[in-house]
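Morning, everyone. Please bring up the model on your screens. I will talk about a pocket first, then about rings.

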Amino acid sequence: MTTLQATFCGQTYDNPFMNASGVHCMTTAELDELANSAAGSFVTKSATADSREGNPEPRYINLALGSINSMGLPNLGLAYYLADAIKRQTETPDVPFIMSVASYKGFDEYVDNMRQIQDSDYTGLVELNLSCPNVPGKPQMAYDFEDTARLLIEIFSFYTKPFGVKLPPYFDIQHFDKIAAVLNQFDLKFVNCINSIGNGLYIDEATDTVVIKPKGGFGGIGGEYVKPTALANVRALKQRLNPSIEIIGTGGILTGRDAYEHLLCGASMLQVGTQLQKEGPAVFDRLNAELRHILETKGYTSIAEFKGKLATLD
Ligand code: DHB
């Protein structure tokens, strides 16, 4: 019997599939749809301290090979997601999920948000988003290795619950080395690679214009465009991080084959953004069926038999 069961941070899930934060996870109603879908788990929209409208529209456009977005952190505020999470934790303790936490204002807001969670009854996983590319005037935190280390030192001085970080893509071997050296200093439970490839530009062929309004058309790129970068980041960090730090693979998962490749690179859980936006939560039925078919064809009965076992040519 083939199983797609995934183990992650001490819990077992029916399968490794989740939404990627930002897609289908703004409201309790959307989160309920994910909880009732074929996804193994789910993650909430990145929360800021206060609720936000986000950037002007159009701010998310599907493209033939993916998507471009500059949402600007629209969300209902940390108090909303914390209340929702505590309710879920009480009512459906057997359905674990992840709370995503971001910051609009920078360093101090990250710390304040984590302090609120520490002081709350929520005990589940948190994904600290260090990689939102869409706040005008604010850099992606995890591209600044010193600031990232400083932030984690501050958070670990008071935070005692399990959490991980969502990273932007890196494109240089030295940067893989540097971010891993920073993260390995902390008792992080996981890293999520990758957020969108930040600040891409798409031009409409019919109009010769950009396609989203914020930031002159610059936005985060997802979908097919990003899979090789995502796989490289999952693989490179799996090779460098302490074995206790698990990996969530995100980026370019459209098919069971894409999911399989992320697992080969060492991912434990898999997040789907662009394709979930295009296809809706039924995408998880298809992905489960396609991944199961691959395991069966290759003679595997579980993910553990091939996870992280990508072969090289030397
Ligand atoms: C947004 C985009 C991201 O890629 C992210 O990590 C967080 C927020 C946004 O624009 O809302």
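Helix α8 gives the most to the lining of the largest pocket: four residues. Helices here are DSSP runs of H or I with at least four residues, strands are runs of E with at least two, and both are numbered from the N terminus. A pocket is an open set of points on a 1 Å grid over the protein atoms alone, where a 1.4 Å probe fits, with protein on both sides within 12 Å along at least five of seven lines; lining residues have an atom within 4 Å of a point.

A word on the source. This is a predicted model, where local features need pLDDT of at least 70, side-chain atom pairs need 80 or more, and totals for chains, interfaces and linings use all residues. Residues are numbered from 1 along each chain as its sequence is written, and side-chain values use heavy atoms, leaving out hydrogens and water.

Now the rings. Rings of Phe, Tyr and Trp (its six-membered ring) pair if their centres lie within 6.5 Å; planes under 30 degrees apart are stacked, over 60 edge-to-face, the rest tilted. That rule gives 11 aromatic pairs. One of them, Phe 145 with Tyr 170, is stacked, at 6.0 Å centre to centre and 25° between the planes. Tyr 260 and Phe 306 are tilted, at 4.7 Å and 40°. Tyr 260 sits in helix α7 and Phe 306 in the segment after α9, so this pair ties together parts 46 residues apart in sequence.
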